[in-house]
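Me: I've got a new model open and want to learn how to read it feature by feature. Can you walk me through it?

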Amino acid sequence: MISMAARSSTRWRFRQPSVIPGFGLALGVTLAWLTIIVLIPLSGLLWRSSGLGWSKFVELALDERTVNALTISFGTAFIAAVVNLVFGVLLAWVLVRYRFPGKRVIDAMVDLPFALPTAVAGIALTTLYAPNGWIGSLLAPLGIKIAFTPAGIVVALIFVGLPFVVRTVQPIMEEIDKEVEEAAATLGATRFQTISRVLLPGLLPAGLTGFALAFARGVGEYGSVIFIAGNLPYVSEIAPLLIVIRLEEFNYPAATAIAAVMLLLSFMMLLVINVIQAWSRRRYGYGA
Amino acid sequence: MAHDAGYAPDTLVTAATSETRLSRVVLTIVALGFVALFLLLPLATVFIEAFRKGAAEFFTALGDPETFAAIRLTLLVAGIAVPLNLVFGVAAAWAIAKFEFKGKAFLTTLIDLPFSVSPVISGLVFVLLFSSHSLLGPILQSYGIQILFAVPGLVLATVFVTFPFVARELIPLMQEQGTADEEAALSLGATGWQTFWHVTLPNIKWGLLYGVLLCNARAMGEFGAVSVVSGHIRGQTNTMPLQVEILYNEYNFVAAFAVAALLALLALVTLVLKTALELRYSDEIAASRRH
């Protein structure tokens, strides 16, 4: 930490002095690569969409099929993130607190959705939940259809989003001080009261961050969804798929407009995540 | 720390700070049931479907020339994209972790940006940049340079989606390690490169491997971004995940799942190595990974 006095006595400088060499080279490589790969392409998209003009942009963005696709993407991602929040917190709790055979394997398997290519997950889930699949054939007599309906999209998004919740909540759970629970118990709280009033509120910021990460990932997800969704326009067609369809029609303005709306909404999500983390650091002393 | 010495072992824990045996069993069963239903069953399905018609059929499917070309293309694209992001990741971590400068937090946010962009949009941005309707496309084409529907486009899209992996792994690790080792080496007369090769690199090698592992898994498995820029030219611009899609849509399920099984195997190897690194070298990978 540099004290305020020391800082104010020196004039403004871009970086603090250091004997370590290579700052210029490392920062130069970083900025050049970042600009070429990320900044130019992304600003190209924003430039293209601004080139459409406001009224054209609004017209494309409010196209009925586009609005439907965005609603489906955000709606299914939200439901999947809620399911993942509940089961992710439960799974993290079981992994942190209980002992059972094969625990280490299960813990490692939580990261499977990060490692398994989305297309592979997509065809596997479709095979399982199709009306003639293992799970689908069990549900078919009950009149429940999962694959080729919006429910199928939710299933795929639960798969891709689960590790986000578990991996944000788990480390925080491990740090919980046992004394807090002991104190609650000594003061006469039942176990249920201790969990619901003492433990869960402390896990709220981590849970919300995991929820937001899973939600953001679900909104943009493509590979695992397109196989199981059925892709019926207005019913089970997600926004990323509509972008691909518009691209194949060489309708670049429409593809650009949908992408710009999605990008805008994702950046807002990113902002929300940052606000949650800042609030959490102030309130609970950790950044989730 | 949750497990410090002063705290009683599980057998002596009083009921007041633990759930009843019944609720523990029920919660464990519900959680494991969820894992089985959503994670283990899909994974098992991949291998079961791949071998549904026997091992011979499985290997015949993999021997198909188009599938073989897809495997080669995937290895080529990952073989270019991963080293590029490795160099970038080390440079970014060096600048961010070893120095204090203005705008550092903003730079870190920018590096993470590709994670919050839909894979389809990651591909779309390159289509907009290099298509024949764009500014750059016709110019490059007049020089005979093909970006879209060719290897360079696949590499660009893959580099974009795997951009943050190595940097994000190294930054917290190198921040934690500080600059004392490097300062000692420099004061003993080592040059900058000597310091990096003999002091910094040995310190970060396991974290680096960890980042490369995750980067590679994503590079080989990426679907949405490469799907948009590939053009799906059979035997030429189809990577393994795209080949899975084509075979599946042709109802050639055994072949689709055979390629999928290879990718699932890659995922399992990645998970095993990742877990081994976490267990063996937990102190030498970023603090955030320590459980």
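Me: What is the average pLDDT of chain A?

Reply: pLDDT is the predictor's confidence in each residue, from 0 to 100. Chain A averages 90, and 95% of the residues score at least 70.

Me: Which elements of chain A have the lowest and the highest mean pLDDT?

Reply: Where pLDDT is low, the predicted coordinates should not be read in detail. Helix α1 (residues 4-9) of chain A has the lowest mean, 50, while helix α7 (residues 118-129) of chain A has the highest, 97.

Me: How many helices and strands does chain A have?

Reply: Chain A has 14 helices and zero strands. As for extent, its C-alpha atoms fill a box of roughly 60 × 55 × 35 Å along the principal axes. Among contacts in chain A with a separation of 6 or more, 76% are between residues 24 or more positions apart.

Me: Which residues of chain A does UniProt list under "transmembrane region"?

Reply: Treat an annotation as a record to set beside the coordinates. The unreviewed UniProt entry lists residues 20-47, 67-96, 108-130, 142-166, 198-216 and 257-279 of chain A. Take residues 20-47 of chain A: that span is 89% helix and 0% strand, with its end C-alpha atoms 39 Å apart. Residues 198-216 of chain A are 100% helix and 0% strand, and there the end C-alpha atoms lie 29 Å apart.

Me: Let's zoom in on one residue. Is A:Thr149 buried or partly exposed?

Reply: Count the neighbours. A:Thr149 is partly exposed because 18 other C-beta atoms lie within 10 Å, and the buried class needs 20 or more. A:Thr149 sits in the loop between α8 (134-139) and α9 (150-174) of chain A. Leaving out residues up to four places away in sequence, A:Thr149 touches A:Gly230 and A:Ser236.

Me: And how many residues does each chain bring to the contact between chain A and chain B?

Reply: Look at both sides, then at who contributes. Chain B brings 76 residues and chain A brings 75. On the chain B side, helix α1 (residues 21-50) of chain B gives the most, with 17 residues. By class, that side of chain B has 53 nonpolar, 13 polar and ten charged residues.

Terms used. Residues are numbered from 1 along each chain as its sequence is written. Chains are lettered from A and ligands numbered from 1 in the order in which they are written. This is a predicted model: local features need pLDDT of at least 70, side-chain atom pairs count only at pLDDT 80 or more; totals for chains, interfaces and linings use all residues. UniProt positions are given in the numbering used here, feature names are shortened, and annotations may be inferred rather than shown by experiment. Helices (H or I, at least four residues) and strands (E, at least two) are DSSP runs, numbered from the N terminus. Two residues are in contact if their C-beta atoms, placed from the backbone, lie within 7 Å. Ala, Val, Leu, Ile, Met, Phe, Trp, Tyr, Cys and Pro count as nonpolar, Asp, Glu, Lys and Arg as charged, and the others, Gly among them, as polar. A residue is buried if 20 or more other C-beta atoms lie within 10 Å of its own, exposed if 12 or fewer, and partly exposed in between; C-beta atoms are placed from the backbone.
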